[in-house]
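This briefing is intended for a reader who is meeting the structure for the first time. Please keep the sequence and the model in view while reading.

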Amino acid sequence: MALTPYKIHKIRRQLSHGTTAASACTLNAVLKFDGIESPHCVYNEEVAVRLGQTLHIPVAAGVLTTTGDGLAFASLHIEAPGLALPNLIPSRYAKVAKQYPREVAALTVFDILIGNFDRSGNLKASLATPHIAIFCGFDHSHALLNIEEDPLESIARLANNELIVEYHPFYGLLGKDHLSEALDHFALCDESYVKACCRFGKTFRAVSTDLQENLAKALAKRLKKLPAIIAPHRAKMVLPS
Ligand SMILES: Nc1ncnc2c1ncn2[C@@H]1O[C@H](COP(=O)(O)OP(=O)(O)OP(=O)(O)O)[C@@H](O)[C@H]1O
Ligand SMILES: [Mg+2]
């Protein structure tokens, strides 16, 4: 899996003279809040990062932080020294799929798991510099609890075996074997890990513990049903042979 780079903004003072030369430093981040169009954005973003890391999916790391309005999500800014990394545009999708076939298949299956219908544009990749491999997704506010306006309806859609992601930047570009490999990889994940990613043990902004539990159960079920959910749509996902 390609490493995701996060460029240092500033190195400040050294904090100790130990073997690691521990120093204070700052990194850039994109701060995201709950809003009218994305009422569970902070919860979604945090759960997506936890799930992505559990399943080894290339998504930007992020952390929870607190502002005057309570919890917010800081998505660590993907940046590489000396390399411009604009959001990926559609004319590059085929090239990216060819250069990063495993990562692309894994991210696509991940998006189907979480019902993310907004991957287009929310991607960074290094294409012109072959020795620097970067492929990474970010922005998971239009998935999980925000598929429908009502979070319970979003959970019901995740639970009822529908594809949800009708369009995706990498549909038609996945290698058959890479898609199968990604599905095999997801099948190895125990559902208890997926459930743990959804739970915080207390109300999280507008997301009650009951809602967290409902999502946990729906996602665990969806994880096991992924091959069956994808099978009827496989032809539109893989490269034509
Ligand atoms: N981790 C990141 N690294 C680099 N750039 C980022 C990262 N997160 C967001 N950005 C940049 O900030 C822009 C806006 O962020 P993001 O895509 O998360 O929200 P949005 O699309 O504006 O809103 P919404 O979350 O409602 O879809 C992105 O298009 C991208 O250019
Ligand atoms: Mg976006």
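The points below concern the ligand site, the metal site and the aromatic pairs.

The structure is a predicted model. Ligand 1 is surrounded by 15 residues, and a magnesium ion is present as ligand 2. Across the whole structure, a search finds 6 aromatic pairs.

**Ligand 1**

- Among the 15 residues around ligand 1, the closest are Lys32, Ser75, Leu76, Asn87 and Ser141.
- The shell around ligand 1 comprises 5 nonpolar, 6 polar and 4 charged residues.
- Strand 3 (29–32) and strand 5 (70–76) each contribute at least two residues to this shell.
- Serine 75 places a polar side-chain atom 2.8 Å from a nitrogen atom of ligand 1.
- For leucine 76, it is a polar backbone atom that lies 2.8 Å from a nitrogen atom of the ligand.
- In serine 141, an N or O atom of the side chain is 2.6 Å from an oxygen atom of ligand 1.
- On its own, ligand 1 has 600 Å² of accessible area, of which the protein covers 69%.

**Magnesium ion (ligand 2)**

- The protein donors of the magnesium ion are Asn122, through OD1, and Asp139, through OD, at 2.1 to 2.2 Å from the ion.
- Asparagine 122 belongs to the loop between helix 3 (101–114) and strand 6 (123–125), and aspartate 139 to the loop between strand 7 (135–137) and helix 4 (151–159); the pair therefore ties together parts that lie 17 residues apart in sequence.
- Asparagine 122 has a relative accessibility of 10% and therefore counts as buried, the cut-off being under 20%.
- Aspartate 139, with a relative accessible area of 15%, is likewise buried.

**Aromatic pairs**

- Tyrosine 43 and phenylalanine 204 form an edge-to-face pair, with 5.4 Å from centre to centre and 80° between the planes.
- This pair links distant parts of the chain, 161 residues apart: tyrosine 43 is in helix 1 (residues 41–55), while phenylalanine 204 is in the loop between helix 6 (191–198) and helix 7 (209–230).
- Both tyrosine 43 and phenylalanine 204 are buried.
- Tyrosine 93 and phenylalanine 170 form another edge-to-face pair, at 5.8 Å centre to centre and with 65° between the planes.
- Tyrosine 93 lies in helix 2 (residues 93–99) and phenylalanine 170 in the loop between helix 4 and helix 5 (176–187), so this pair ties together parts 77 residues apart in sequence.
- Tyrosine 93 and phenylalanine 170 are both buried.
- One aromatic cluster is formed by Tyr93, Tyr100, Phe135 and Phe170.

Notes:
Residues are numbered from 1 along each chain as its sequence is written. Chains are lettered from A and ligands numbered from 1 in the order in which they are written. This is a predicted model: local features need pLDDT of at least 70, side-chain atom pairs count only at pLDDT 80 or more; totals for chains, interfaces and linings use all residues. Side-chain values use heavy atoms; hydrogens and water are left out. A residue is near a molecule or strand if one of its heavy atoms lies within 4 Å of it. A polar contact is a pair of N or O atoms within 3.5 Å; within protein, one must be able to donate a hydrogen and the other to accept it, and residues adjacent in sequence count only if both atoms are side-chain atoms. Accessible areas come from the Shrake-Rupley method with a 1.4 Å probe; for residues, only the protein chains shown count as cover. Helices (H or I, at least four residues) and strands (E, at least two) are DSSP runs, numbered from the N terminus. Ala, Val, Leu, Ile, Met, Phe, Trp, Tyr, Cys and Pro count as nonpolar, Asp, Glu, Lys and Arg as charged, and the others, Gly among them, as polar. Donors are N, O and S atoms within 2.8 Å of the metal (3.2 Å for Na, K and Ca); water is not among the atoms, so sites may look incomplete. Buried means under 20% relative accessible area, exposed over 50%, partly exposed in between (1.4 Å probe, protein chains only). Rings of Phe, Tyr and Trp (its six-membered ring) pair if their centres lie within 6.5 Å; planes under 30 degrees apart count as stacked, over 60 as edge-to-face and the rest as tilted.
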